[in-house]
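Subject: The structure you asked about

Hello,

Here is the structure for you to open.

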Amino acid sequence: MKRLVIVLVVLLGLLVGADFAAAAFAEHTVSQKAREQLGLSDDPAVTIHGFPFTTQALSGNYSHISVSADGVPVQQLRDVSLDADLHDVSAPLSDLTAGNVRDIEVGRLAGRITLKDSDIARVAPLTNIDDLRIEPSSEEYVRRGEDGATTEGTNGSGDDGPGAQNDGQGSGQGDDSTAGVRLSGKADIAGERIEIFAFAMIELDGTTVRITPHRIQFGNDQETTVVPEAVQQRLLPSFEADINAGEMPFTVTPTGISVASGSLTLHGEAEDVTFAGTSSALGG
């Protein structure tokens, strides 16, 4: 009896090992094809969730596959990050083993595209601002400044002005089509090197991410200077920019946007798409 138990344990271990090996092979195959379609230098991370893998493979139905990649080039951007959760995936085993993943059917796709501030600085006219940085801000502070700020626990001069510490959760909740943002950087004004803070709203307009600045401040993280209205009107266009999300990976029309320290993230979902389609333009 003891020998039988040992044999069963060993057999079970071999089966589990074989299952993990098969899953790793499938993940590697999908990863290589995703790298080709997204134009990446490295394989993205692919995880096929659920155990055992073998039963999913034999049926050709997978409940959840996740894909993530960094450094995705999109037009003038060079470091876009993406995360996608593919649900209710249909992929015949023969296609998967042969590397034919273009016709894999995805029942539901939830995608997130993250743009870093260092990459957003490549978009004109933000190219004229050195050391561009992004921080979340509230819509109230963007539009009204200190006079309209009521939130406690910030730098004492307003709810998210220069020097305020954010909790890292960012502004917007992923399903919001607008979010407040504080952009800062350095520029030469009247022969002087000045740090500028621009408070803007980011909104989704179809597949366009529109940055609309409302107020300008001079200063640093400790103190700021009130900028005359005439000077503000001259400087505001330097922070007004459109980002074309229609060229982003995944056939997902963005429906939400959120801002975190150093980045902004687009959120969206799609249904009944193919794996080949997921590497097409965001917005279909």
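The notes below go from confidence to aromatic rings, then to the cores and one serine.

**Confidence**

This is a predicted model. The average pLDDT of the chain is 78. A score of at least 70 is reached by 73% of the residues. Which element scores highest, and which lowest? Strand S5 (residues 130-137) has the highest mean pLDDT, 95. Helix H7 (residues 275-278) has the lowest, 62.

Two stretches need care. Residues 165-169 have a pLDDT below 50. Beyond near neighbours in sequence, that stretch has 2 contacts in the model. Residues 280-284 are also below 50, with 27 contacts counted in that way. Where pLDDT is low, the predicted coordinates should not be read in detail.

Start with Arg-215, in strand S8 (residues 208-219). Is Arg-215 buried or exposed? Its relative accessibility is 14%, and buried means under 20%, so Arg-215 counts as buried.

What does the side chain of Arg-215 reach? It reaches the backbone oxygen of Val-142, at 3.1 Å. Now look at the rings. The charged end of Arg-215 sits over the ring of Tyr-141, 4.9 Å from the ring centre. Arg-215 also lies over the face of Phe-199, at 4.6 Å from that ring's centre. Leaving aside neighbours within four places in sequence, the contacts of Arg-215 include Arg-143, Arg-144, Gly-145 and Gln-232.

**Aromatic pairs**

How many aromatic pairs are there? The count comes to 2. A pair of aromatic rings is described by the distance of the centres and the angle of the planes.

Phe-53 has a relative accessibility of 5% and counts as buried. Tyr-62 is buried too, at 3%.

The rings of Tyr-141 and Phe-199 also pair.

**Nonpolar cores**

In soluble globular proteins, nonpolar side chains tend to be buried together. The largest nonpolar core here has 42 residues. Which of them touch the most other members? Ile-216 and Phe-239 do. Strand S7 gives the most to this core, with 6 residues.

Zoom in on Ile-216. Not counting residues up to four places away in sequence, Ile-216 touches Phe-239 itself, and its other contacts include Ile-196, Val-227 and Leu-235. Another core lies apart from the largest one. That core has 23 residues, among them Ile-65, Val-106, Ala-270 and Val-273.

**Ser-31**

Last stop: Ser-31, in helix H1 (residues 2-38). At 5% relative accessibility, Ser-31 counts as buried. A polar atom of its side chain lies 2.6 Å from the backbone oxygen of Pro-44. Not counting residues up to four places away in sequence, Ser-31 touches Asp-43, Pro-44 and Val-46.

Best wishes

Notes: Residues are numbered from 1 along each chain as its sequence is written. This is a predicted model: local features need pLDDT of at least 70, side-chain atom pairs count only at pLDDT 80 or more; totals for chains, interfaces and linings use all residues. Side-chain values use heavy atoms; hydrogens and water are left out. pLDDT is the predictor's confidence in each residue, from 0 to 100. Helices (H or I, at least four residues) and strands (E, at least two) are DSSP runs, numbered from the N terminus. Contact means heavy atoms within 4.5 Å. Buried means under 20% relative accessible area, exposed over 50%, partly exposed in between (1.4 Å probe, protein chains only). A polar contact is a pair of N or O atoms within 3.5 Å; within protein, one must be able to donate a hydrogen and the other to accept it, and residues adjacent in sequence count only if both atoms are side-chain atoms. Rings of Phe, Tyr and Trp (its six-membered ring) pair if their centres lie within 6.5 Å; planes under 30 degrees apart count as stacked, over 60 as edge-to-face and the rest as tilted. A charge sits over a ring if NZ of Lys or CZ of Arg is within 6 Å of the ring centre and within 35 degrees of the ring normal. A nonpolar core is a set of buried Ala, Val, Leu, Ile, Met, Phe, Trp, Tyr and Cys residues joined through side-chain atoms within 4.5 Å.
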